[in-house]
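Begin with the charged pair, then cover the core, the fold and the confidence.

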Amino acid sequence: MKARVFQAVLLAGALSAAPAAACLSTPEQKAARFAALDTDGDGSLSLREYFMQSPLGGITAEKEREIFAGLDLDGDGSLSFEEFTAQLAQQRC
């Protein structure tokens with residue numbers, strides 16, 4: 001189910017405008033973006049942290065939760081650095 005939601009979001013282009021979606025090609029760029037989003041410094045991203053800097057206008061809280069659930073591969077309610085970079089690998093730059 002999560003994989004399907006994630007693929008649907010990618011196909012719809014929603015992640016191309018999400019805060020973490022800028023084309024980040026180097027490990028340093030990915031780490032810097034993750035650190036910038038991880039405002040509490042706990043090593044993972046909450047839904048709020050992930051969408052806090054989102055340029056998506058008019059996205060509903062329900063849609064945010066749906067997108068986030070598709071990225072949260074282990075279902076623990078947060079994004080690890082590995083989950084964060086996995087979604088970056090799916091992007092077309």
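E66 counts as partly exposed because its relative accessibility is 33%, where partly exposed lies between buried (under 20% relative accessible area) and exposed (over 50%), for a 1.4 Å probe and protein chains only. K63 is also at 33%, so K63 counts as partly exposed. The two form a salt bridge, with the closest N and O atoms 3.6 Å apart. A salt bridge here is a side-chain nitrogen of Lys or Arg within 4 Å of a carboxyl oxygen of Asp or Glu. The structure holds 1 salt bridge.

Both E66 and K63 lie in helix α4, 3 residues apart, about one turn of the helix. An α-helix has 3.6 residues a turn, so residues three or four places apart point the same way. Side chains of opposite charge can pair when their charged atoms come close.

## Basis of the model

This is a predicted model; local features need pLDDT of at least 70, side-chain atom pairs count only at pLDDT 80 or more, and totals for chains, interfaces and linings use all residues. Residues are numbered from 1 along each chain as its sequence is written, and side-chain values use heavy atoms, leaving out hydrogens and water.

## The buried side of α4

Helix α4 spans residues 61-71, and its buried residues are E64, I67, F68, G70 and L71. They cover an arc of only 160 degrees around the axis, which puts them on the same side of α4. The arc is taken from the directions from the helix axis to the C-beta atoms.

## The nonpolar core

The largest nonpolar core has 12 residues: L24, F34, L37, L45, Y50, F51, I67, F68, L71, L79, F84 and L88. At least two residues each come from α2 (27-37), α3 (47-52), α4 and α5 (81-89). Helix α4 gives the largest share, 3 residues. Such a core is a set of buried Ala, Val, Leu, Ile, Met, Phe, Trp, Tyr and Cys residues joined through side-chain atoms within 4.5 Å.

S44 is found in the loop between α2 and α3. S44 is buried because its relative accessible area is 15%. Leaving aside residues up to four places away in sequence, S44 touches F34, D38, E49, S78 and L79. Contact means heavy atoms within 4.5 Å.

E82 is found in helix α5. At 57% relative accessibility, E82 counts as exposed. The C-alpha atoms of E82 and S44 are 9.6 Å apart, and 38 residues separate the two along the chain.

## Overall fold

The protein chain has 5 helices and 0 strands. Helices (H or I, at least four residues) and strands (E, at least two) are DSSP runs, numbered from the N terminus. Of the 93 residues, 37% count as buried. Among contacts with a separation of 6 or more, 57% join residues 24 or more positions apart.

The accessible surface comes to about 5300 Å², and 55% of this belongs to carbon and sulfur atoms. Areas come from the Shrake-Rupley method with a 1.4 Å probe; for residues, only the protein chains shown count as cover.

## Confidence

The chain averages a pLDDT of 79, and 71% of the residues score at least 70. This score is the predictor's confidence in each residue, from 0 to 100. Confidence is highest in α2, at a mean of 94, and lowest in α1 (residues 2-12), at 42. Residues 1-20 have pLDDT below 50; this stretch has 45 contacts in the model beyond near neighbours in sequence. Where pLDDT is low, the predicted coordinates should not be read in detail.
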